[in-house]
Amino acid sequence: MNSEQVYSVSQINLYIKNMFARESVLNQIYIKGEVSNCKYHTSGHIYFTLKDSKGQLACVMFAGQRSGLSFRMCEGQSVVVLGSISVYERDGKYQMYAREIHLDGTGALYEKYEQLKKELEQKGYFDSDRKKPIPWYVKRVGIVTASTGAAVQDIINISTRRNPYIQLILYPAKVQGEGAALSISRGIAALDKLGVDVIIAGRGGGSIEDLWAFNEKIVAETIYRCNTPVISAVGHETDTTIADYVADLRAPTPSAAAELAVCDIASLLENLREYNRSLNFRMRQKINQERSKLSQYELKLKYADPVYKVRQERQYLTDMEERLKAFMKQRVIKERHRLELYIERLRALSPLERLKMGYGYLEKETGESLSSAEAVKKGDRLLITMKDGKITAVAEKIEKGRPI
């Protein structure tokens with residue numbers, strides 16, 4: 001064995017790497033495939049595998065190249081990767097080093113959709129403060145959609161059912177294919193100049209390709225500049241287009257747009273009847289409140305009336321007079337009772353009362369009152385006063401000392 005013909009693993013890997021580097025096709029190549037095993041590393045690198053029905057290819061996009069990636073990669077996406085094929089010497093495996101990654105087919109449309117959405121959002125097209133309110137009661141509704149199909153019929157049926165007097169003005173626009181975006185834009189502008197109360201722009205559901213006219217910039221700008229409130233009604237509830245974001249109101253379906261735009265007359269009349277009942281009740285309540293206030297004011301005015309005050313004072317004086325009379329009467333009775341007691345006490349001390357009891361009042365003929373036997377001498381003439389007369393007597397015998 002010739003030792004000069006023996007190579008190390010690293011030498012072989014380097015040799016193969018140089019072979020790849022010399023191949024110009026592998027240095028600038030586009031490869032299409034389905035994303036698998038996608039991992040975002042903490043370093044910023046993205047590791048993933050491109051595969052098709054017969055094979056797979058390991059890929060990496062370094063953090064420095066990610067500025068050209070406008071979407072987040074995930075399993076199952078169909079993408080087109082621009083990059084170079086080289087050998088990773090350590091593992092001895094070849095892989096693709098991605099510089100640009102684009103979504104393929106439907107994915108490319110979705111990428112374009114995201115780019116326009118981001119652009120218009122930065123310009124303020126989606127700001128809620130610029131959105132116009134939908135009038136509560138509209139008389140004329142402009143419709144931008146295809147003249148045939150379920151969408152326009154749904155809008156007509158629901159609108160006329162909710163309000164038989166509504167005026168519907170249809171602008172038959174092309175809503176799919178080449179020239180559809182321009183047709184929708186012209187329809188919105190024409191109805192805006194016509195002066196309708198609200199515009200419904202939409203169509204039935206479909207794929208992203210079918211709905212793409214409502215993702216065009218010209219439609220978004222026309223809705224943004226429109227003076228009339230615009231309701232977007234594109235596709236089904238799960239479909240969302242650029243027009244939905246720019247419009248003043250988004251309806252999940254054309255049928256829902258008609259319900260949002262057109263007032264229900266039956267409900268309106270019922271609300272008016274309810275308002276009438278409520279108004280009458282509140283008016284009666286208010287009248288009763290004011291009447292109560294008036295009664296209070298009348299009562300206050302009555303109390304403030306000079307005639308009423310004089311009457312009240314007169315009544316007060318009358319009451320005081322009655323109370324004074326009652327008090328005086330009670331006092332007179334009380335004093336009379338006391339007087340009678342004094343009279344009885346005086347009567348008990350009165351000489352006349354004593355005389356009535358058989359006693360007599362003794363005095364000298366000269367009128368000198370006698371209270372002791374010491375003052376009487378034998379032969380003195382005495383005058384005895386009785387209750388019914390006087391007696392003149394002569395003192396014949398005088399006995400001194402305590403009477404028996």
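Cysteine 226 is buried, at a relative accessible area of 4%. Buried here means under 20% relative accessible area, exposed over 50%, and partly exposed in between, using a 1.4 Å probe on protein chains only. Cysteine 74 is partly exposed, at 38%. The model is predicted: local features need pLDDT of at least 70, side-chain atom pairs count only at pLDDT 80 or more, and totals for chains, interfaces and linings use all residues. Residues are numbered from 1 along each chain as its sequence is written, and side-chain values use heavy atoms, with hydrogens and water left out.

The disulfide count is zero, where a disulfide is a pair of cysteine sulfur atoms within 2.5 Å. Cysteine 74 is in none; the nearest cysteine sulfur, that of cysteine 38, lies 7.7 Å away.

Now take strand β8, residues 198-203. Helices (H or I, at least four residues) and strands (E, at least two) are DSSP runs, numbered from the N terminus. Six of the six residues in β8 are buried. Val198, Ile200 and Gly202 point one way, while Ile199, Ala201 and Arg203 point the other.

β8 has neighbours to follow. Strands pair if DSSP finds at least two bridges between them. Strand β6 (residues 140-145) pairs with β8 in the parallel sense over four bridges. Alanine 201 of β8 is the bridge partner of valine 144. Strand β9 (residues 230-234) runs parallel to β8, joined by five bridges. There, glycine 202 stands opposite alanine 233.

From β8 the chain crosses through helix α6 (residues 217-225) to β9, in a right-handed β-α-β crossover. Right-handed means that, with the strands pointing away from the viewer, the path from the first strand over the helix to the second runs clockwise.
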